[in-house]
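This report describes the chains of one model, the contacts between them and selected residues. The sequence and structure are shown first.

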Amino acid sequence: MNIVVCIKQVPDTPNIRIDRERMTIIRDGVESIINPLDRIALEAALDLKQKEGGKISVLTMGPSQSEEALREAMAAGADEAILLTDPHFAGADTLATSKVIGRAISRMDPFPDLILCGKQTIDSDTGHVGPQLAEELNWPQVCGVTEIHVEMNALVVKQVSDGFQNTYRVSFPALLTVSQGLNVPRHIPLGDLEQAFSNGRVIRWGLKDLNLRPEEVGFSGSATTVVRLYRPPQKRKGEVVSGSSQTLAEHLIAKLVSLSILDEDEAE
Amino acid sequence: MKTKQNRDWEGVWVFGDYRNYFQNRVTLQLIAKGNQLARNLGVDLTVLVLGSQIHQYAMEYTAHGADVVMVVDHPNLKNYQVETYVRVVSKLVESFRPEIFLAGATAFGREFFPRLAKRLNTGLSADCVSLEIEAERRLLIQTTPAFGGELLADIITPEYRPQMATVHPDVFEERIHDHEATARILYPEVEIEAEERVQLIRSKPDQSRKGGLEEAEIVVVGGKGLGSKENFQMLFELARLLGGDVGATRPVILSGWTEESRLLGQTGKSVKPKLLITAGTSGAVQYTTGIQGAETIIAINRDPHAPIFKMADLGLVGDVKTVLSLLLENLKKRL
Amino acid sequence: MVLDPKMKQAVIRRTVRKFAEEKLVPAAAEMDAKAEFPVRVAEEMAALQYFGLEIPAAYAGAGLDCVCYAIVIEEISKASGAMGLCISVHNSVSAFPVYEFGKESQRQAFLIPMAKGEKIGTFCLTEPNAGSDASSIETTAVRDGDGFILNGSKIFVTNGGVSGLNLIFAITNPSEKGREYSVFVVESEREGFEKGAQEDLMGMRGNPVCPIVLNDCRVPRENLLGDEGQGMRIALSTLDGGRIGIGSQALGIGQACLEASIKYAQERYQFGKRIADFGAIQGFLADMATRIEAARLLIFRASSLRDRNMPHSRESAMAKLFASETAVDAARIGLQIHGGYGYSKAYPIERYYRDAKVCEIYEGTSEVQRIVIARSLMNK
């Protein structure tokens with residue numbers, strides 16, 4: 001089975017600073033990690049390869065430093081790593097991103113049977129790239145998968161969606177996005193990390209390699225534009241009361257009544 | 001798709017996601033908001049409903065504010081199916097050309113709408129928490145969370161139509177059911193093909209994740225400021241009387257006042273209850289990240305400068321133990 | 001296209017930190033309280049090649065360079081000083097000489113099990129009457145046919161309680177005037193090799209430090225490491241790497257103190273504000289952070305030189321000296337910042353305080369490091 005795992009390198013920090021000019025976050029000096037759900041997708045690929053044999057290719061669209069995430073993925077067990085990088089790719093929304101990744105996958109030889117992605121990233125949170133990539137390739141999709149089984153010529157997968165647990169049979173080739181709970185990624189032996197960084201080979205493809213035009217990709221190829229990036233305004237009322245403990249307790253009771261947690265009629 | 005002439009596209013559409021109706025109100029909330037946006041633009045609000053034997057939903061959506069309800073009723077549409085729905089809906093969008101198309105950010109919405117947006121080659125924003133119209137360019141300003149809600153982004157889709165967005169539940173308020181309301185009901189002709197590639201084998205209600213701290217509607221949390229394990233025990237009584245659960249901060253766990261499974265914060269659980277009462281906690285960021293999603297926060301602390309008061313809806317400055325004792329006394333009398 | 005080495009270093013650091021946070025941090029307090037070595041965690045670490053850090057892949061090791069090695073030791077030590085000590089000594093001082101001086105047959109027999117963590121290693125040098133003065137040891141190895149008979153006692157053997165292979169530093173020509181030393185690899189199961197009761201120590205209590213006794217312990221010639229009489233050279237060869245290892249281990253403890261202190265200072269309120277807003281505390285934290293950063297850079301310098309096969313005895317001595325004293329200082333100030341709570345076992349800072357002290361003593365006391373550095377500064 002030939003599997004492609006799409007990963008994204010994302011910032012690993014609760015403290016974010018904003019670049020107001022480019023309407024994006026400042027990534028300098030910030031540690032980057034493989035998006036946690038993508039790591040779970042990779043783990044799923046490793047499990048499938050163990051059972052079915054085949055090849056795992058890991059792929060990402062990003063700046064040059066995204067290579068770090070690819071090599072980490074190779075250390076975990078991916079056989080091949082492809083970095084889609086080009087100045088033109090920058091500023092892409094999910095529409096443009098799925099175009100680039102879709103074109104890259106179409107170029108792959110052998111052509112994959114299965115694409116795995118994390119359901120969403122911890123930075124943009126959209127969860128769009130998976131379905132849009134499936135549409136770009138005209139493949140069937142199931143999102144938020146929590147179990148994967150391989151049958152004769154199909155996959156049987158489980159998904160929890162809007163309070164229902166659904167089981168689907170999906171024909172090959174297919175795209176699945178994975179949810180938390182599918183697996184717990186293994187720890188990577190240190191020697192494998194050493195090997196991936198010293199000997200691993202990362203393939204790089206740019207605009208020309210993918211036979212794309214500048215207006216199809218990056219900022220130019222995007223339909224949406226971010227016009228403002230900001231911190232949510234503090235929405236708490238922030239009423240602070242001092243006084244005797246009796247007074248405070250009364251305020252507290254009054255609040256509980258106003259929230260309909262206590263009934264008003266029980267006068268003290 | 002990319003448009004030269006935005007004025008060809010007119011109308012606000014809402015996708016009628018009726019799964020788990022009556023508990024899931026997001027479509028109704030979107031109808032209310034969509035109605036407001038439509039008035040702003042001087043156009044109709046259309047609700048699009050796909051399914052089998054769905055007439056009742058058409059009635060419901062009419063009663064909740066739709067100007068138009070577009071119904072596609074066919075046995076092949078009985079189960080929600082991404083590719084089938086994308087096929088049907090994209091054809092309708094191409095025919096009718098709405099300028100705005102909204103869907104609730106349900107699990108299905110978040111799986112179906114992106115694929116639809118790609119089919120239509122247009123922009124989509126995810127899980128919006130605010131929608132406004134910029135009248136001059138007839139633009140929908142879509143506000144979405146990023147970085148797990150740490151930041152907000154305002155997004156526009158200037159040159160592509162329709163402008164699509166999925167919307168977070170409970171952001172907007174639905175309109176009251178109005179028996180008298182009327183709407184135009186349309187039954188467009190669309191070709192429906194059965195889905196081959198993804199087949200639903202089984203579907204049953206999801207029973208996992210019932211109960212537990214993360215499910216509690218009311219959470220009472222204690223910090224080191226409570227002073228002792230005995231004082232901390234008061235919270236269990238309080239939780240019992242209010243019908244909630246008990247959480248704790250790390251210093252409390254380290255002191256052995258309660259078990260680790262009650263830990264809230266960066267290294268513990270995150271909760272989003274209706275009400276959170278936090279007593280004797282100073283408000284360290286490692287803790288508050290676990291509670292910031294609560295609807296209402298009441299904080300009790302001796303120190304008027306404690307940072308917890310910055311994120312509370314109601315702050316009480318005083319002796320924690322005494323206030324809690326008085327509260328318990330009062331509650332026991334009532335309940 | 002040459003990859004920036006910082007990329008690999010960052011990923012290794014992050015990978016080890018994640019493992020340490022998940023597996024070691026929750027176990028560290030109990031390890032200390034019960035003075036118990038965490039066997040299951042050690043097995044998991046063995047599978048991830050923590051016991052073969054610098055050993056080449058051909059011998060089942062991870063093949064890391066020294067810079068990355070130092071990073072691994074630091075991150076493990078930050079979670080647990082006792083475990084950082086275990087792998088540092090096992091790698092730098094026990095496995096290393098087996099690799100450097102072992103014949104191919106010895107590498108196969110001894111090095112591979114060590115790299116896999118199947119056999120944890122020790123280097124038994126110190127004796128009741130021989131600490132800094134290593135040459136005054138009394139353990140003897142007398143020729144017996146084709147082998148040797150070892151007699152003597154060693155103390156404070158790091159990893160002793162769980163070791164599988166032990167490097168014994170002994171005198172091989174006891175009757176003669178000019179002393180000659182040799183190193184022998186002795187299996188823990190070998191007859192005549194006995195482990196004593198675990199030492200009851202102030203800190204590093206999760207490490208099974210114990211004395212060992214050699215009682216007419218007969219070893220075959222195959223267990224002689226290097227040549228007869230090469231023992232002192234072997235012992236000295238481990239110094240540079242050992243210093244970098246212990247320096248990194250001390251750095252990890254220092255970093256743990258810093259992080260705990262920053263956190264505590266921001267959470268603790270007195271006199272109406274966070275103690276982090278008081279100048280005195282800010283001064284403490286600033287000095288602590290600066291010294292720790294300096295220690296990290298000294299270790300980086302020493303390990304970079306080592307990776308380029310350049311002399312680094314002075315640099316490694318400086319790194320060990322500075323990092324160990326920094327750790328002790330960080331623990332002292334850190335505990336002070338924690339106030340009364342710092343004195344309680346409910347917070348980890350008192351364990352860091354107890355763990356840090358020995359870093360100024362073993363692997364060459366601070367006084368010895370100073371002599372080494374001073375001598376390196378002078379003309380012969």
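In chain C, residues 24 or more positions apart account for 74% of the contacts with a separation of 6 or more. The model discussed here is predicted.

## Chain C and its domains

The secondary structure of chain C comprises ten helices and ten strands. Its radius of gyration is 21 Å, close to the 21 Å that the globule rule gives for 380 residues, so chain C is as compact as a globular protein of that length. The C-alpha trace spans about 80 × 50 × 45 Å along its principal axes. Of the 380 residues in chain C, 52% are buried.

The domain assignment divides chain C into domain 1 (5-120), domain 2 (123-228) and domain 3 (233-377). Taken over C-alpha atoms, the centres of domain 2 and domain 3 of chain C are separated by 30 Å. Eleven residues from domain 2 of chain C and nine residues from domain 3 of chain C take part in the contact between them. On the side of domain 2 that touches domain 3, there are eight nonpolar and three polar residues, with no charged residues.

Chain C also touches chain A, in a contact that takes 19 residues from chain C and twelve residues from chain A. Helix α1 (residues 5-34) of chain C gives the most to the chain C side of this contact, with eight residues. By class, that side has 13 nonpolar, four polar and two charged residues.

## The contact between chains A and B

The contact between chain A and chain B takes 65 residues from chain A and 67 residues from chain B. Several elements of chain A each supply at least two residues to the side that touches chain B, including the helices α3 (94-107), α4 (129-137) and α6 (245-258) and the strands β9 (141-150), β11 (164-171) and β14 (225-230). The side of chain A that touches chain B has 28 nonpolar, 22 polar and 15 charged residues.

Strand pairing also links the two chains. Strand β11(A) is joined to strand β11 (residues 198-205) of chain B by seven bridges, and the two run antiparallel. In this pairing, Tyr168(A) stands opposite Leu200(B). Strand β14(A) is joined by five bridges to strand β8 (residues 151-156) of chain B, again in antiparallel orientation, and Tyr230(A) stands opposite Leu152(B).

Within chain B, strand β7 (residues 139-146) runs antiparallel to β8(B), with five bridges between them. Leu152(B) is the bridge partner of Pro145(B) in this pairing. Four residues lie between the strands of the β7(B) and β8(B) hairpin, where Phe147(B) takes a positive phi near 55 degrees.

| Strand | Paired strand | Bridges and direction |
|---|---|---|
| β11(A) | β11(B), residues 198-205 | seven bridges, antiparallel |
| β14(A) | β8(B), residues 151-156 | five bridges, antiparallel |
| β7(B), residues 139-146 | β8(B) | five bridges, antiparallel |

## Helix α4 of chain A

Helix α4(A) is mostly covered, nine of its nine residues being buried. Among them are Val129(A), Pro131(A), Leu133(A), Glu135(A) and Glu136(A). The buried residues of α4(A) pack against α3, β8 (114-118), β9 and β12 (174-178) of chain A, together with α4 (107-119) of chain B. Asn138(A) follows α4(A) and has a positive phi, near 60 degrees.

Why does Leu133(A) count as buried? Leu133(A) has 28 C-beta neighbours inside 10 Å, and a residue is buried if 20 or more other C-beta atoms lie within that distance. Leaving aside residues up to four places away in sequence, Leu133(A) touches Ser98(A), Ile101(A), Gly102(A), Ile115(A) and Leu175(A). Leu133(A) and Ser258(A) are 125 residues apart along the chain, and their C-alpha atoms are separated by 48 Å.

Chain B is assigned domain 1 (6-186) and domain 2 (213-334). The centres of these domains, taken over C-alpha atoms, are separated by 39 Å.

Glu94(B) is found in helix α3 (residues 82-96) of chain B. Glu94(B) counts as exposed because it has 11 C-beta neighbours inside 10 Å, the cut-off for exposure being 12 or fewer. Glu94(B) and Leu120(B) are 26 residues apart in sequence, with a C-alpha to C-alpha distance of 8.1 Å.

How values were computed:
Residues are numbered from 1 along each chain as its sequence is written. Chains are lettered from A and ligands numbered from 1 in the order in which they are written. This is a predicted model: local features need pLDDT of at least 70, side-chain atom pairs count only at pLDDT 80 or more; totals for chains, interfaces and linings use all residues. Two residues are in contact if their C-beta atoms, placed from the backbone, lie within 7 Å. Ala, Val, Leu, Ile, Met, Phe, Trp, Tyr, Cys and Pro count as nonpolar, Asp, Glu, Lys and Arg as charged, and the others, Gly among them, as polar. Two strands pair if DSSP finds at least two bridges between them. Domain bounds come from an automatic or database domain assignment. The radius of gyration is taken over C-alpha atoms; the globule rule is 2.2 Å times the number of residues to the power 0.38.
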